Amino acid sequence: MANTDFSRTMGGHHQHGFDRSRAWFERMHVDLILLLLIMLLAGCGLLILYSGSGQDMTMVKRQALHFLIGFIVLIVAAQFPPRFYQTVAPWAFAIGVIALIGVLLMGVGAKGAQRWLALPGLPRFQPSELVKLALPLTVAWYMASRPVPPRFFDLFKAMLIIGLPTILILKQPDLGTSILISASGILVLFFAGMSWTLILSMIGVVAACAPLMWFFVMREYQKQRVLTFLNPESDPLGSGWNIIQSKTAIGSGGIDGKGFLQGTQSQLEFLPESHTDFIIAVLAEELGLIGVLALLTLYFLIIMRCLYLSSRCETLFGRLLSGSLAVTFFIYVFVNIGMVSGILPVVGVPLPLVSYGGTSVVSLLTAFGLIMSMYTHRQN
């Protein structure tokens, strides 16, 4: 009996200690639970990157620096109240659009695409990553001052806001990012109460325009990606190589994998882009289905925590922005895993906070900082 009471007392102390820590972090405008989940994901990402990069510690250290910068930006972003972001939203959108125009005029090219901007005195960066935040921020700012559910004319103007950066990114060309960025803006409209009739109508319009996009919008390499998705074996040593090797890596991992650093597809460099877009194939081969499910569980907990925080926001602006960012994060995860496993065409979307990339890491962590800000400033 005494031992039971002692255990309960110790358990109570631990619980109270965690609650006090969480309250202190919340006063600092940081959600402790979400922060710990993100840090755990970042740690897992570094381990997977170590294997996927061929044990390249230089790359791992650079990614760790990216995470450090990103967590600093997250904490700073969480300090500003929602009204501050409502004020800066249109300016951030304008800067993002100007940067996208700059990419088309004087951008830096890589692998047949022009997506980077190199300005004097600044590190090279990808403006589309800035727009990933600026677009939902601006659409949430616009819709928060309009009646809910939104009227047709308000939706039309919001679609113009979404359409401008989408077209500019499509011109780079970057079809995958343009679709995902437009989805982040449309999600704001969904959370604002856009009717299902309009949603289904939009899906119908997109489906009807698909043949036109094939003949007049999509580049040859984008068409090839769709054809490869439908039949990868049609060009096994060319365009089908990536997806064939990734599916081979995933299948060979089985339930419990071959062991950390023991994968043949990745370690022998059969698997292309093993440190970026196809990094989850490295995890599947070395740690198997168990490793993939563990990572997916971590993603699920992060997304559910973000949606919970979104539901607790006091302002409509906060709920629209947080909900959109949370579901967009889910879409990134789904699209990456879908394309690596062969159920979606390859569109060049990295696995969030796991694939190597500085701009992507910082923009994602900034998004989490925005979600924390919307939640922790409830009394302001």
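Tutor: Let us begin with a definition: a salt bridge is a side-chain nitrogen of Lys or Arg within 4 Å of a carboxyl oxygen of Asp or Glu. With that in hand, R146, R151 and D154 are linked in a network of salt bridges. Please keep in mind that this is a predicted model.

Student: What makes D154 and R146 a salt bridge?

Tutor: The closest N and O atoms of D154 and R146 are 3.7 Å apart. The limit is 4 Å, so the pair qualifies.

Student: Are D154 and R146 buried or partly exposed?

Tutor: Buried means under 20% relative accessible area, and partly exposed lies between that and 50%. D154 has a relative accessible area of 2%, so D154 is buried. R146 stands at 25% relative accessibility and therefore counts as partly exposed.

Student: How many salt bridges does the structure hold?

Tutor: The structure holds 5 salt bridges. One of them joins the side chains of D31 and R305, with N to O at 2.7 Å.

Student: Why can the pair of D31 and R305 be said to tie together parts that are apart in sequence?

Tutor: D31 lies in the loop between α1 (2–27) and α2 (32–52), whereas R305 lies in helix α12 (residues 279–311). The parts tied together are therefore 274 residues apart in sequence.

Student: How do you know that D31 and R305 count as buried?

Tutor: The cut-off for buried is under 20% relative accessible area. D31 has 1% relative accessibility, so D31 counts as buried. R305 has 13% relative accessibility, so R305 counts as buried too.

Student: What makes K132 and E129 a salt bridge, and where do these residues lie?

Tutor: The closest N and O atoms of K132 and E129 are 3.0 Å apart, and the limit is 4 Å, so the pair is called a salt bridge. K132 and E129 both lie in helix α5 (residues 127–144), 3 residues apart, which is about one turn of the helix. K132 is buried, and so is E129.

Student: Let us turn to the packing of helices. Why are α10 and α13 called roughly perpendicular?

Tutor: Helix α10 (residues 241–253) and helix α13 (residues 316–341) pack at an angle of about 95°, with their axes 8 Å apart. Angles from 65 to 115 degrees count as roughly perpendicular, and α10 and α13 are therefore given that description.

Student: Which residues make the contact between α10 and α13?

Tutor: On the α10 side they are I243, S246, K247 and I250, and on the α13 side M339, V340 and S341. By class, the contact of α10 with α13 has 4 nonpolar, 2 polar and 1 charged residues.

Student: Where do H29 and L261 lie?

Tutor: H29 is in the loop between α1 and α2. L261 is in the loop between α10 and α11 (264–267).

Student: What can be said of the chain as a whole?

Tutor: The secondary structure comes to 14 helices and 2 strands. Buried residues make up 46% of the 380 residues in the chain. The chain exposes about 18,500 Å², and carbon and sulfur atoms supply 70% of that area.

Conventions:
Residues are numbered from 1 along each chain as its sequence is written. This is a predicted model: local features need pLDDT of at least 70, side-chain atom pairs count only at pLDDT 80 or more; totals for chains, interfaces and linings use all residues. Side-chain values use heavy atoms; hydrogens and water are left out. Helices (H or I, at least four residues) and strands (E, at least two) are DSSP runs, numbered from the N terminus. Buried means under 20% relative accessible area, exposed over 50%, partly exposed in between (1.4 Å probe, protein chains only). Axes are lines fitted to C-alpha atoms, for helices over the stretch in contact, and angles run from 0 to 180 degrees between N-to-C directions. Angles under 35 degrees count as roughly parallel, over 145 as roughly antiparallel, 65 to 115 as roughly perpendicular and the rest as oblique. Contact means heavy atoms within 4.5 Å. Ala, Val, Leu, Ile, Met, Phe, Trp, Tyr, Cys and Pro count as nonpolar, Asp, Glu, Lys and Arg as charged, and the others, Gly among them, as polar. Accessible areas come from the Shrake-Rupley method with a 1.4 Å probe; for residues, only the protein chains shown count as cover.
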